[in-house]
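Welcome, and thanks for taking a look at this one with us. Here is a short briefing to read alongside the sequence and the structure.

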Amino acid sequence: MTKEQFFSELKQSLEGEVSAYEVSDSLSYYRQYFEEEMGKGKSEQEIIASLGSPRLIARSIIDARGIEDKGENGENAYDNYGKTTDDSTQEEKGFGTLQSIGKRVVEVAITILVLFLIFSLVRALLPLALMIVAILLILKLIRR
């Protein structure tokens with residue numbers, strides 16, 4: 001097996017199982033690994049033999065992705081998030097967990113700010129409203 005056959009088989013085994021970003025990232029990782037090992041004097045055949053089957057590597061990547069993406073209820077969140085139906089990649093959509101935590105923090109901060117402003121406004125206007133109600137009651141009593 002040649003280096004290009006190794007990458008072709010790895011790519012083929014990953015496509016349809018993980019996102020396009022994950023396929024690209026995995027191929028980049030193993031290409032860099034090959035370069036480093038060849039820089040140490042190893043042949044393509046030695047590197048391929050040490051790595052093992054590209055299909056086995058792909059299965060490990062797919063299984064690892066499934067473990068990382070398990071939701072609270074045990075469902076694979078990747079089924080709904082990582083696989084895209086359009087041409088955008090997971091990187092373009094953002095990494096869900098960090099992005100959703102950030103959105104939640106912003107939502108909570110805005111909610112607290114709005115409640116604080118409403119409370120401050122009511123607190124400032126309450127004495128004025130009480131005085132107006134008192135004056136209206138006095139005027140109503142005087143007219144009688």
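How many helices and how many strands are there in the chain? The chain holds seven helices and zero strands. Please keep in mind that this is a predicted model. Below are some points to follow as you turn the structure around.

**Overall make-up**

- Starting at the N terminus, the order of elements is α-α-α-α-α-α-α.
- The chain has 144 residues, and 22% of them are buried.
- Its accessible surface amounts to about 11000 Å², with 60% of that belonging to carbon and sulfur atoms.
- Among contacts with a separation of 6 or more, 57% are made by residues 24 or more positions apart.

**The largest nonpolar core**

- In soluble globular proteins, nonpolar side chains tend to be buried together.
- Here, the largest nonpolar core has 15 residues, and those touching the most other members are Phe 6, Phe 7, Leu 10, Leu 14, Tyr 30, Phe 34 and Ile 57.
- Four helices each contribute at least two residues to this core: α1 (3-14), α2, α3 (44-51) and α4 (54-68).

**Ser 28 in helix α2**

- Ser 28 sits in helix α2, which spans residues 20-39.
- Is Ser 28 buried or partly exposed? Its relative accessible area is 41%, so Ser 28 is partly exposed.
- Between Ser 28 and Phe 7 there are 21 residues of sequence separation, while their C-alpha atoms are 9.9 Å apart in space.

**Salt bridges**

- Side chains of opposite charge can pair when their charged atoms come close.
- The structure contains seven salt bridges, and three of these pairs are described here, starting with Glu 9 and Arg 55, whose side chains meet at 3.0 Å, N to O.
- Because Glu 9 belongs to helix α1 and Arg 55 to helix α4, this pair ties together parts that are 46 residues apart in sequence.
- Another salt bridge joins the side chains of Lys 40 and Glu 37, at 3.2 Å, N to O.
- In this pair, Lys 40 is exposed, with 63% relative accessibility, while Glu 37 is buried, at 6%.
- Glu 37 and Lys 40 also belong to a network of salt bridges together with Lys 42.
- Asp 63 and Arg 59 form a salt bridge as well, with their side chains meeting at 3.4 Å, N to O.
- Why are Asp 63 and Arg 59 separated by about one helical turn? They are four residues apart in helix α4.
- Asp 63 is partly exposed at 39% relative accessibility, and Arg 59 is partly exposed too, with a relative accessible area of 42%.

**A nonpolar surface patch**

- On the surface, a nonpolar patch is formed by Leu 121, Leu 125, Leu 128, Met 131, Ile 132, Ile 135, Leu 136, Ile 138, Leu 139 and Ile 142.
- Together, the residues of this patch have about 1000 Å² of accessible area.
- Met 131, one of the patch residues, is located in helix α7, which covers residues 96-143.
- Why does Met 131 count as exposed? Its relative accessibility is 53%, and the cut-off for exposed is over 50%.

Terms used
Residues are numbered from 1 along each chain as its sequence is written. This is a predicted model: local features need pLDDT of at least 70, side-chain atom pairs count only at pLDDT 80 or more; totals for chains, interfaces and linings use all residues. Side-chain values use heavy atoms; hydrogens and water are left out. Buried means under 20% relative accessible area, exposed over 50%, partly exposed in between (1.4 Å probe, protein chains only). A nonpolar core is a set of buried Ala, Val, Leu, Ile, Met, Phe, Trp, Tyr and Cys residues joined through side-chain atoms within 4.5 Å. Patches are made of residues with over 30% relative accessible area and no salt bridge: like charges are joined within 9 Å, nonpolar side chains (Val, Leu, Ile, Met, Phe, Trp, Tyr) within 5 Å. Accessible areas come from the Shrake-Rupley method with a 1.4 Å probe; for residues, only the protein chains shown count as cover. A salt bridge is a side-chain nitrogen of Lys or Arg within 4 Å of a carboxyl oxygen of Asp or Glu. Contact means heavy atoms within 4.5 Å.
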